[in-house]
Amino acid sequence: YMNMDYAIEVIDVSKSFKDHTVLKNINLTVNKGEICGIIGRNGSGKTVLLKCICKIFLEDSGEIYILGENTTKNPSIIKNLGVLIETPAFLENFSGYWNLKFLADLSHKIGKKEVQAILRVVGLEEAQNKKVKNYSLGMKQRLAIAQTIMENQTILILDEPMNGLDKKGVSQMREIFLEYKKKGNSILMATHNPQDVEILCDHVYEMDDGVIERLY
C-alpha cells in the first residue's frame with residue numbers, strides 16, 4: 001500500500017490508556033503542500049493523536065503513513081517531521097544560538113550559517129546570545145518554532161504553535177508557516193484559535209472526545 005499523494009494518512013487509529021479510550025477510529029489525511037488544522041477542546045485527544053503520528057505513543061490499532069510509508073514498519077520515515085508538541089527542554093543557562101547549534105550538531109544537517117539565518121527568520125537575531133532563562137515566554141516559543149523548522153523537514157506537526165506569542169509574534173509566525181507551505185511542504189496543526197484556522201488552514205478537522213470529523 002503506497003499512497004504518495006498524502007503527506008500524512010491516519011487510518012482507523014485507536015488509542016487507550018488503561019480503560020480510557022482517547023482516540024476512537026481516527027481517520028485523517030493531510031495533502032502534500034497543505035496546512036491542515038485540528039480544532040477541539042482541551043482533552044479532546046488532539047495532542048495524543050499528534051504524539052501517535054510522531055511515534056511518541058504507539059497506536060493500539062490502525063495504521064499511520066507518512067509520505068506513503070507505514071510508520072510502524074519504517075520508523076525512520078519520522079525523520080521527515082519537524083515536531084513542536086511540548087515546549088522543548090532548552091538548556092536555560094546557554095544562549096538561544098548555542099541551544100540551536102547544539103541540536104544542529106547532533107544531526108549534522110545544518111551548520112552555523114543556517115542556525116543564524118533561522119534565528120533571523122523568527123525574530124531572535126538580537127537575542128541570540130542571551131541566555132534562554134532570560135527569554136520571555138514568547139521568545140521561548142519563537143526559539144521552539146526555530147528548532148522545529150531549522151532542518152527543513154517536509155512536514156511539520158505543531159501543537160498550539162502560537163502559545164505565548166503576542167499579536168506581532170502571531171502574525172510573524174503565520175507568515176513563516178504560509179511561506180513554508182508555499183515551498184510545497186505540509187503542516188498539521190492543532191489550534192484553538194479560529195483566526196489561525198481561517199488564515200492558515202486548507203482543511204480542518206474537529207475533535208471531540210476522541211472522535212474526529214472533517215469540517216472542510
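Modeller: Before we start, a word on terms: two strands count as paired if DSSP finds at least two bridges between them. Please also keep in mind that this is a predicted model.

Biologist: In strand 9, which residue is the bridge partner of Ile38?

Modeller: Strand 9 spans residues 203-208 and runs parallel to strand 3, with 4 bridges between them. Ile38 takes part in this pairing, and its bridge partner in strand 9 is Tyr205.

Biologist: Which strands stand at the edges of the open sheet?

Modeller: The open sheet has 4 strands in the order 2-1-4-5, with antiparallel pairing. One side of each edge strand is left without a neighbour in the sheet, because each has a single partner strand; the two at the edges are strand 2 (20-31) and strand 5 (69-70).

Biologist: What is the bridge partner of Ser16 in strand 2?

Modeller: Strand 1, residues 6-17, pairs with strand 2 in the antiparallel sense over 8 bridges. Ser16 has its bridge partner in strand 2, and that residue is Thr21.

Biologist: Is Asp12 buried, partly exposed or exposed?

Modeller: Asp12 has its place in strand 1, and its phi is near 50°, a positive value in a residue other than glycine. Buried means under 20% relative accessible area and exposed means over 50%. At 37%, therefore, Asp12 counts as partly exposed.

Biologist: And His108, is it buried or exposed?

Modeller: His108 sits in the loop between helix 2 and helix 3. Its phi, near 55°, is again a positive value in a residue other than glycine. The relative accessibility of His108 is 68%, so it counts as exposed.

Biologist: How many residues of helix 1 are buried?

Modeller: Helix 1 runs over residues 46-53 and is mostly covered. The buried residues include Val48, Leu49, Leu50 and Ile53, and also Lys46 and Lys51. Out of the 8 residues in helix 1, the number buried is 7.

Biologist: What is the relative accessibility of Pro161?

Modeller: Pro161 is found in the loop between strand 7 and helix 5. Beyond its neighbours within four places in sequence, it is in contact with Leu84, Gln141, Ile145, Phe177, Met189 and Ala190. The cut-off for buried is under 20%. Pro161 counts as buried because its relative accessibility is 1%.

Biologist: Now the pockets: how many charged residues are in the lining of the largest pocket?

Modeller: About 340 Å³ of space lies in this pocket. Of its 14 lining residues, Leu81, Val83, Gln147, Glu151 and Gln153 lie nearest the centre. Strand 6 (81-84), helix 2 (96-107) and helix 4 (137-149) each give two or more residues to the lining. By type the lining has 6 nonpolar and 5 polar residues, and the number of charged ones is 3.

Biologist: Which elements give two or more residues to the lining of the second largest pocket?

Modeller: The second largest pocket holds about 280 Å³ of space. It is lined by 13 residues, with Ile118, Val121, Ile149, Asn152 and Lys183 closest to its centre. The elements giving two or more residues to this lining are helix 3 (112-121) and helix 5 (167-182).

Notes:
Residues are numbered from 1 along each chain as its sequence is written. This is a predicted model: local features need pLDDT of at least 70, side-chain atom pairs count only at pLDDT 80 or more; totals for chains, interfaces and linings use all residues. Side-chain values use heavy atoms; hydrogens and water are left out. On a 1 Å grid over the protein atoms alone, a cavity is a set of points where a 1.4 Å probe fits but cannot get out, and a pocket is an open set with protein on both sides within 12 Å along at least five of seven lines; lining residues have an atom within 4 Å of a point. Grid points are joined across faces, edges and corners, and a volume is the space filled by probe spheres set on the points. Ala, Val, Leu, Ile, Met, Phe, Trp, Tyr, Cys and Pro count as nonpolar, Asp, Glu, Lys and Arg as charged, and the others, Gly among them, as polar. Buried means under 20% relative accessible area, exposed over 50%, partly exposed in between (1.4 Å probe, protein chains only). Contact means heavy atoms within 4.5 Å.
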